[in-house]
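Work through the exercises below with the sequence and the model open. Each task is followed by a solution in steps.

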Amino acid sequence: MSGIEANFDGLVGMTHNYAGLSTGNEAAMNHKGQESNPRKAALQGLMKMKALSDMGLVQGVLPPQQRPCLPALRQLGFTGSDGQILNKAARYSLPLLASLSSASSMWTANAATVSPSADSADQHVHFTVANLNNKQHRSLESTTTARALKAVFPDQDCFVHHDPLPQHADWGDEGAANHNRFCAEYGEAGVQLFVYGRKALQDGIGPKHYPARQTLEASQAVARLHQLEEARTVFAQQNPVAIDGGVFHNDVISVSNRNVFFYHQQAFLNQQSVLTELREKMARLGQTLITVEVPTEQVSIQDAVESYLFNSQLLSQPDGNMMLILPEECRQNHHVSAYLQKLIAGGNAPINKLHFFDLRESMHNGGGPACLRLRVVLNEKELAAVNQAVLMTPERYQRLTSWIERHYRDSLYAADLADPQLLNEVYSALDELTQILRLGSIYDFQR
């Protein structure tokens, strides 16, 4: 059965703020303490979703999480009413409150790793929720993420949902941000590439300055859970130099679509060996890998990190050619802009169209277009089994736009997170959103 690739983007939450929580993510650290605009952030992300839907792509919406995270604060011993808990937490540590208020679940590339039924031995779509245990604020997401994914992909005849891996650094799993899939057509069997930053249970090299969040052992565990054949699975180590340069996830240094791989010259350790293995395993399926390697002399790692060139979305157009969905920062970076114009003008690459989007609210916190989406390959039966209320339509876009404009603030500082009224606003908005998207009771305050 033929297949499609659907993108499920995260709605930016109402507590979107710049707290500088993510060591290794230089954009997030560089904007620490600045004023954020949650309303603009949500509308920017929603506009991108609508634009891709208008292009004829299947586009879905995933909900934000309940923040501030009151259950975590209670677990840490803060007592009293909701307002009293927020006040006590802010007096104790405003950075702690900011961490437990992060809207980072908007980057759904970290929500889970997904394998399509065409690749899995049991012919089901498999989801493994990421444990994200390298960062406190992200490690809190998995419970609600699991509920949300089960509400969006509920049919047990089509979808298998796996729990997160154990919450230990040896099993650090950052989801689809460290995962690529290669295939001739979406519905055909393909080769899956799992990228890791370090080995936990054996000797190896790693970055010296910033943490390597994904382990080889976590990637191998996900592959086992998804019932993937060894002959169609590749494990590659991210270049430690790139990680130390601010490439905290693989999707900041490479992106794939079907049989095309768009990557930086310094993306992987032993890069030629990785490419050779990919080519050989695809050849066994009768498929050819097409590579587009960006030379360091044209685009440095620093340029890639500043512009998020590789955190673009590489998508197929109806005519079979491919386009890049890029952040506006790529047009502003001289080296990246020059490279992109040369790429398109050459006419030899499979990529022939560029679309730029203003996602600065997300970019300032370290997430570009590809961070905001979770890719899910589905066949016709599986697409029909998806919760249809989360799929983008003109009507749903208008309803969600109205919802954002009514509920979201246009200015937020870390100190505002202690405001009990903000928490009430979040509760009211999320209660309405679960009805719009028909999600049921996925939040703790509704349980």
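**Exercise 1. Is Cys 69 buried or exposed, and how many disulfides does the structure hold?**

Solution. Step 1: buried means under 20% relative accessible area, exposed over 50%, and partly exposed in between, with a 1.4 Å probe and protein chains only. Cys 69 counts as buried because its relative accessibility is 9%. The model is predicted: local features need pLDDT of at least 70, side-chain atom pairs count only at pLDDT 80 or more, and totals for chains, interfaces and linings use all residues. Residues are numbered from 1 along each chain as its sequence is written, and side-chain values use heavy atoms, with hydrogens and water left out.

Step 2: a disulfide is a pair of cysteine sulfur atoms within 2.5 Å. The structure holds zero of them. Cys 371 is therefore in no disulfide, the nearest cysteine sulfur being that of Cys 330, 12 Å away.

**Exercise 2. Describe the lining of the largest pocket.**

Solution. Step 1: take the definition. On a 1 Å grid over the protein atoms alone, a pocket is an open set of points with protein on both sides within 12 Å along at least five of seven lines, where a 1.4 Å probe fits; lining residues have an atom within 4 Å of a point. Grid points are joined across faces, edges and corners, and a volume is the space filled by probe spheres set on the points.

Step 2: the volume of the largest pocket is about 330 Å³. Its lining has 18 residues, with Cys 69, Pro 71, Ala 72, Gln 75 and Leu 140 nearest the centre. Two or more lining residues come from each of helix H3 (70-75), helix H6 (136-139) and helix H7 (142-152). H7 gives the largest share, four residues. Helices (H or I, at least four residues) and strands (E, at least two) are DSSP runs, numbered from the N terminus.

**Exercise 3. Which residues does UniProt list for "active site", and where do Glu 174 and His 249 lie?**

Solution. Step 1: the unreviewed UniProt entry lists Glu 174, His 249 and Cys 371. These three are spread over 198 residues of sequence but cluster in space, with a largest C-alpha distance of 11.4 Å. UniProt positions are given in the numbering used here, feature names are shortened, and annotations may be inferred rather than shown by experiment.

Step 2: Glu 174 is in the loop between strand E5 (159-162) and strand E6 (179-182). His 249 is in the loop between helix H9 (240-244) and strand E9 (254-257).

Step 3: check burial. Glu 174 is buried at 2% relative accessibility, His 249 is buried at 1%, and Cys 371 is buried at 3%.

Step 4: list contacts (heavy atoms within 4.5 Å). Leaving aside neighbours within four places in sequence, the contacts of Glu 174 include Asn 110, Arg 213 and His 249. With residues up to four places away not counted, His 249 touches Asn 110, Glu 174, Ala 177, Asn 178, Arg 213 and Gln 238.

**Exercise 4. Examine the backbone at Pro 68, Gln 123 and Gln 227.**

Solution. Step 1: most residues other than glycine have a negative phi, and most peptide bonds are trans.

Step 2: the peptide bond joining Arg 67 and Pro 68 is cis, with omega about 0 degrees. Pro 68 is in the loop between strand E2 (59-62) and H3.

Step 3: Gln 123 has a positive phi, near 60 degrees, and is exposed at 62% relative accessibility. Gln 227 has a positive phi, near 55 degrees, and is partly exposed at 33%.
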